[in-house]
Amino acid sequence: MHTSTLLPNLFRTEYSKMVAVLCKSFGLSNMQIAEDIVSDTFLLAAETWGKKGIPDNQAGWLYTVAKNRTKDYLKREKIKQEKVEPNIQMGQTETYQMDTDFSEKSITDSQLQMIFAICHPSIPTEAQIALGLRVLCGFGIDEISSALLSNKETINKKLYRAKANLRKNDIELVFPENTEIEERLDNVLTTIYLLFNEGYYSSSKDQVLSKDLCLEAMRLCLLLMNDNRTALPKVFALLALMCFHASRFESRKNAQGELILYYDQDRNLWNEELILRGEYYLNRSAEGKQMSKYHLEAAIAFWHSRKEDHPEKWEKILQLYNQLLQIEYSPIAALNRTYALAKANSIDAAIQEAEQFNLTKSHLYHCLMAELYQSQDQQKAMQHLEKALNLVRSEEERSVVLGLRNRVAVMGS
Amino acid sequence: MQEFMMLFRHVPSPDYMPSPEEIKAEIKKWQNWIGNIAAQGKFDSTNQLGYEGKVVKPGNIVTDGPYAEVKEIIGGYIIIKANDFDDAVEIAKGCPVLQMGGHVEVRQFMALDL
């Protein structure tokens with residue numbers, strides 16, 4: 001492999017591991033130092049490998065260089081503290097851990113601790129996403145700004161504030177106490193799911209990048225699953241959910257990057273392997289009595305991964321939405337439940353219930369109403385789609401509504 | 001939004017032995033009614049109550065169940081958020097207990113200044 005593709009790939013897989021391990025030495029409040037050393041290491045690799053050839057064990061090479069640089073840095077720092085600034089540093093008892101351990105176990109532990117640190121409840125969600133992409137997933141600033149449809153300056157500011165937040169809240173790089181894991185894990189899962197959704201629902205034109213984001217979120221979930229302390233049923237449920245969603249990745253956008261709705265997707269493009277994986281994780285999630293929202297969402301996603309369409313399937317989906325909404329209300333779940341109601345019971349019942357919703361400002365509400373009315377009253381369906389067109393917030397949403405309008409127009413003519 | 005509690009009251013029939021399918025259908029009805037409330041963002045919590053009960057009276061007297069004195073039992077409750085009393089009553093009209101010959105008592109939460 002040529003260095004031009006080798007290094008970006010290594011950066012993606014090794015950057016987050018190396019930063020996590022180095023942060024064990026420097027402390028989380030000095031994350032910037034760890035990041036700088038890792039970036040320098042990659043720069044050196046680019047120079048050296050180009051001239052002297054690529055080493056056999058590339059990751060090992062990177063670890064050794066980073067380890068030596070860390071040692072040098074800490075030595076200098078120690079001298080500075082002892083000789084140059086003894087008075088200034090009085091009272092400060094910052095002690096650095098001198099040995100940098102790049103063993104497999106240390107890497108995994110450090111990464112898990114980093115996940116818990118970044119998903120700490122005291123860090124604002126937006127900051128968690130940006131910092132997570134950078135430090136947990138090894139995304140470059142360009143990639144983050146492209147994935148989040150933002151610009152470099154904004155992302156840099158967000159990252160800066162997020163790191164300041166870590167310092168301000170004295171967050172440490174440690175594994176939570178046994179009694180805390182369950183609760184802290186909820187926050188971690190929320191962030192992982194948000195990361196996944198950032199990729200899955202991204203309007204970014206870069207589909208490779210969006211997919212990478214989803215895969216990274218799944219990888220973080222796998223890390224949790226591979227540790228006994230965090231391999232809880234809800235972790236399996238979230239992983240199952242992401243597998244089912246990801247199985248439709250290739251079928252949900254056309255060559256122009258426009259969204260293809262579920263019913264218009266080419267089902268041959270659904271990834272069977274991911275669906276099977278999802279089923280396996282869903283079974284594993286059934287251990288224990290807990291029924292989290294991820295369990296319910298994963299079960300709904302499971303039914304959507306079935307290609308056949310029969311009333312029993314929709315009855316199951318309806319009941320799952322009934323339960324999900326009792327745990328947590330969301331407009332999307334309310335609208336999806338209504339669609340399932342139309343399929344399982346009757347369109348009239350669904351229309352009657354949907355009219356009670358206070359969601360007339362959402363274009364999705366009007367899309368649902370149009371969907372329900374299209375076989376009964378095309379004129380009403382069209383009226384709802386006009387309203388939806390006035391409410392869309394992006395070109396992508398607009399093209400979906402226009403697609404629906406074309407379909408209803410064809411039915412009416 | 002105000003909070004209301006609905007109490008589901010009915011007279012249980014000792015002869016009624018529903019089949020598993022009938023029980024399933026009954027649960028579906030309740031779940032669809034509650035799901036509709038939840039889909040409007042008005043759901044808070046709900047519980048079904050078991051048939052056994054104890055009654056504690058002054059003087060350290062504990063008796064089995066309230067059923068010796070009253071025929072009607074409370075089968076369960078739901079706590080909802082509604083715009084006003086009318087809204088809560090409108091929601092109660094869909095309650096499946098009505099199809100069982102029972103009735104719904106709609107009560108408003110009272111805020112106490114403590």
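**Notes on the predicted model**

1. Residues are numbered from 1 along each chain as its sequence is written, and chains are lettered from A and ligands numbered from 1 in the order in which they are written.

2. Among the elements of chain A, the lowest mean pLDDT, 85, belongs to helix α6 (residues 141-147), and the highest, 97, to helix α10 (residues 233-246). Over residues 89-93 of chain A the pLDDT is below 50, and this stretch has one contact in the model beyond near neighbours in sequence; a contact here requires that the C-beta atoms of two residues, placed from the backbone, lie within 7 Å.

3. Chain A contains 18 helices and zero strands, where helices (H or I, at least four residues) and strands (E, at least two) are DSSP runs, numbered from the N terminus. Of the 413 residues in chain A, 38% are buried, that is, they have 20 or more other C-beta atoms within 10 Å of their own, whereas exposed residues have 12 or fewer and partly exposed ones fall in between, with C-beta atoms placed from the backbone.

4. Helix α11 (residues 272-285) of chain A has 14 residues and reaches 20 Å from its first C-alpha to its last, close to the 20 Å expected at 1.5 Å a residue, the expected span being 1.5 Å times one less than the number of residues. Buried in α11(A) are Ile275(A), Gly278(A), Tyr281(A), Leu282(A) and Ser285(A). Seen down the helix axis, the buried residues of α11(A) fall within an arc of 125°, so they line one face; the arc is that of the directions from the helix axis to the C-beta atoms. The face turned away from that buried side carries the exposed residues Glu272(A), Glu273(A) and Asn283(A), and the cover over the buried residues includes α10 and α12 (293-304) of chain A.

5. In chain B, strand β1 (residues 2-10) and strand β5 (residues 73-82) run antiparallel and are joined by nine bridges, strands being paired if DSSP finds at least two bridges between them. Phe4(B) has Ile80(B) in β5(B) as its bridge partner.

6. Where the chains meet, twelve residues of chain A are in contact with ten residues of chain B.

Notes. This is a predicted model: local features need pLDDT of at least 70, side-chain atom pairs count only at pLDDT 80 or more; totals for chains, interfaces and linings use all residues. pLDDT is the predictor's confidence in each residue, from 0 to 100.
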